[in-house]
Amino acid sequence: MKKKESEHICALCGKPLDFITDAISEPDGRLSHFDCVIEKIRKQYRVEEPDTVSYIGQGRFAVCTKGEDGKYTIRDRINYESSDSFLSMKKLVGNSGE
Ligand SMILES: [Zn+2]
């Protein structure tokens, strides 16, 4: 029997993804939790307080750093999802009602 389309496992922590709309697609096409990706980027880029990792849309994350004036500025931009996998995920979400 085929696996159900809705059964997705996080590529980073191995737990099921409850909401596919909160998932991030990995460069290899698998999916992972939004929070797991933030944590991964944090470690990978050695992001420490008060710097933060934010999602800035279209599969991109940014490492933000707090300046002396208290404003956050973007220190690094990370293209995490390839545009192809991002589009295929959106397509998957769009077709889930069938
Ligand atoms: Zn996870």
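Trainee: What makes the strands E3, E4 and E5 a sheet, and in which order do they stand?
Mentor: Three strands form an open sheet in the order E3-E4-E5, with antiparallel pairing, where strands are DSSP runs of at least two residues in state E, numbered from the N terminus. E3 and E5 are the edges, because each has a single partner strand, and so one side of each lacks a neighbour in the sheet. On average, neighbouring strands here are turned by 35 degrees against each other, direction ignored, the axes being lines fitted to C-alpha atoms, with angles that run from 0 to 180 degrees between N-to-C directions. Keep in mind that this is a predicted model, in which local features need pLDDT of at least 70 and side-chain atom pairs count only at pLDDT 80 or more, whereas totals for chains, interfaces and linings use all residues. Residues are numbered from 1 along each chain as its sequence is written.

Trainee: How do you know that E3 and E4 pair?
Mentor: Two strands pair if DSSP finds at least two bridges between them; E3 and E4 have five, in the antiparallel sense, and they therefore meet the criterion. Within this pairing, Tyr 55 stands opposite Phe 61, and Val 53 stands opposite Val 63. E4 and E5 (residues 72-79) also pair in the antiparallel sense, over seven bridges, with Thr 65 opposite Thr 73.

Trainee: Why is Gln 58 called exposed?
Mentor: A residue is exposed if 12 or fewer other C-beta atoms, placed from the backbone, lie within 10 Å of its own, buried if 20 or more do, and partly exposed in between; Gln 58 has 10 such neighbours, and therefore counts as exposed. Gln 58 lies in the loop between E3 (52-57) and E4 (60-66), and in this hairpin, with two residues between the strands, Gln 58 takes a positive phi near 55 degrees.

Trainee: What makes up the largest nonpolar core?
Mentor: Such a core is a set of buried Ala, Val, Leu, Ile, Met, Phe, Trp, Tyr and Cys residues joined through C-beta atoms within 7 Å. The largest has nine residues in all, among them Leu 17, Val 37, Phe 61 and Tyr 80.

Conventions: Helices (H or I, at least four residues) and strands (E, at least two) are DSSP runs, numbered from the N terminus.
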